[in-house]
Amino acid sequence: MANRTDPAAKTIRGTNPQNIIEKIVRTKIYQNTYWKEQCFGLTAETLVDKAMELDHFGGTFGGNRKPTPFMCLVMKMLQIQPEKEIVIEFIKNEDHKYVRILGAFYLRLTGTDVDVYSYLEPLYNDYRKLRSKLADGRYALTHVDEVIDELLTTNYSCDISLHQLKKRWTLENLGELEPRKSVLEDDFEEEEEKEENEQLDGLQNGDQDNKNYYHEKSPRRERDRDRDRRRDSHSHRYSWHLKAVGVLEELPRVNYTMILPGFSALAVDDRDYDRDYDKERGRGRERDRERDRDRDRDRDRDRYRLRDDKDYGREREREREGRERDRRDRDRGRDRRSHSRSRSRDRKRYSRSSISPRRHNKDEDREEPKKKKEKKEKKEKKEMKDDGTDHPDPEIAEANKLRASLGLKPLRP
């Protein structure tokens, strides 16, 4: 009686509400101590107190698959079938998270697709932690929004198979469900407004930047100034050298090509500078050539090594093929010798008889009836002699014939 469904309960999808849970799980719930002691006589009002005492949720666990108290309370709700308003109050309860999960799970089992989406999707914004009991008896950490996502996207939860939900966009196309509105939509709108304002400010500042663009320094002009500055420093160095040797008192921005041989110190220094520059430049080119030669040499060495490796591999392959060919030839020769020996044995065996085996068998078949006939005749003659019917005396022969028909021994003279 304690396991029967309330007579006033309505059928769900054409079946008893308790049959939504598989029979094996249902049987284990009925045999559980928590079901017998804590769930007996519960009503829709007293079930709330038991739901508030929950500290975890889950399906079955352990080697003998014991049901959790959460599953026992789900079964009790299926048995008493509380009103829809009570279930909705369970879902809207923000103080006790396991009461909310219990109501959401029951609604997923028994509610329509529109009710499931309408009342469970707002729970995506609940990020509180939950303890889930695994199949091996250990606990795992999860969150309310993860459990709700599992209920809305999968067909199996807490060891219970759930009915297939229609896709949300299908219900939207049918007009049964409104498009989902996210709680973060207002924040997104504010961010979009800020980005638009920033873009407008950027466009206004861009006009001012375009006006100041041509008044700024040009990179090309800066490079030309740097080059002139280096040339001036070069000429200043040699003018200082001329002052040091006492040849020139002051030489601002001198063009050295216009100085005549009278300034011998300057001419010598220019040639030395040019010579040193040419030497350094020649050394740099020589180093570049040596580096290129080394790189080409290494590349050629690698190429030759690869070619040698390929040639070595081809030689090994040819040797292997040769060995395999020799082995096949030896095997073929061995087979020929064994076949020739067997043929010679057969010739010797059949040469002993003057006729072929087939003819020999036919002749034997012909001779066998003759032999049987001769044996039969001999046997009949012997029996006649034993009966005494062939006695020279006709009276005795007649008497022996009579005795033979009576089964008596013949008369002996």
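**Figure 1. Pairing of strands β4 and β5.** Strand β4, spanning residues 129-133, is joined to β5 by 5 bridges, and the two strands run antiparallel. Within this pairing, Ser 132 is placed opposite Ala 140 of β5. The view, like those that follow, is taken from a predicted model.

**Figure 2. The open sheet containing β1, β4 and β5.** The sheet consists of 3 strands in the order β1-β4-β5, is open, and has mixed pairing.

Figure 3. Helix α8, formed by residues 144-153, lies across β1, β4 and β5. Relative to β5, the helix runs at about 85 degrees.

**Figure 4. Packing of helices α6 and α7.** Two packed helices are described by the angle between their axes and by the distance between the axes. Here, the axes of α6 (residues 97-110) and α7 (residues 113-120) come within 8 Å and cross at roughly 160 degrees. Since angles over 145 degrees count as roughly antiparallel, α6 and α7 are therefore roughly antiparallel to each other. The crossing of α6 past α7 is left-handed. On the α6 side, the contact is made by Ala 104, Leu 107 and Arg 108; on the α7 side, Asp 115, Val 116, Tyr 119 and Leu 120 contribute.

Figure 5. A disulfide is a covalent bond between the sulfur atoms of two cysteines. A search of the whole structure returns 0 disulfides. Cys 39 takes part in no disulfide, and its nearest cysteine sulfur, belonging to Cys 72, is 5.2 Å away, whereas the cut-off for a disulfide is a pair of sulfur atoms within 2.5 Å. With a relative accessible area of 1%, Cys 39 is buried. Cys 158 is likewise buried, with a relative accessible area of 15%; the limit for this class is under 20%.

**Figure 6. The protein as the setting for the close-up views.** The protein has 14 helices and 7 strands. It comprises 413 residues, of which 25% count as buried. Of the contacts between residues at least 6 apart in sequence, 57% join residues at least 24 apart.

Notes: Residues are numbered from 1 along each chain as its sequence is written. This is a predicted model: local features need pLDDT of at least 70, side-chain atom pairs count only at pLDDT 80 or more; totals for chains, interfaces and linings use all residues. Side-chain values use heavy atoms; hydrogens and water are left out. Buried means under 20% relative accessible area, exposed over 50%, partly exposed in between (1.4 Å probe, protein chains only). Two strands pair if DSSP finds at least two bridges between them. Helices (H or I, at least four residues) and strands (E, at least two) are DSSP runs, numbered from the N terminus. Contact means heavy atoms within 4.5 Å. Axes are lines fitted to C-alpha atoms, for helices over the stretch in contact, and angles run from 0 to 180 degrees between N-to-C directions. Angles under 35 degrees count as roughly parallel, over 145 as roughly antiparallel, 65 to 115 as roughly perpendicular and the rest as oblique. A crossing is left-handed if the near helix is turned anticlockwise from the far one by less than a right angle, and right-handed if clockwise.
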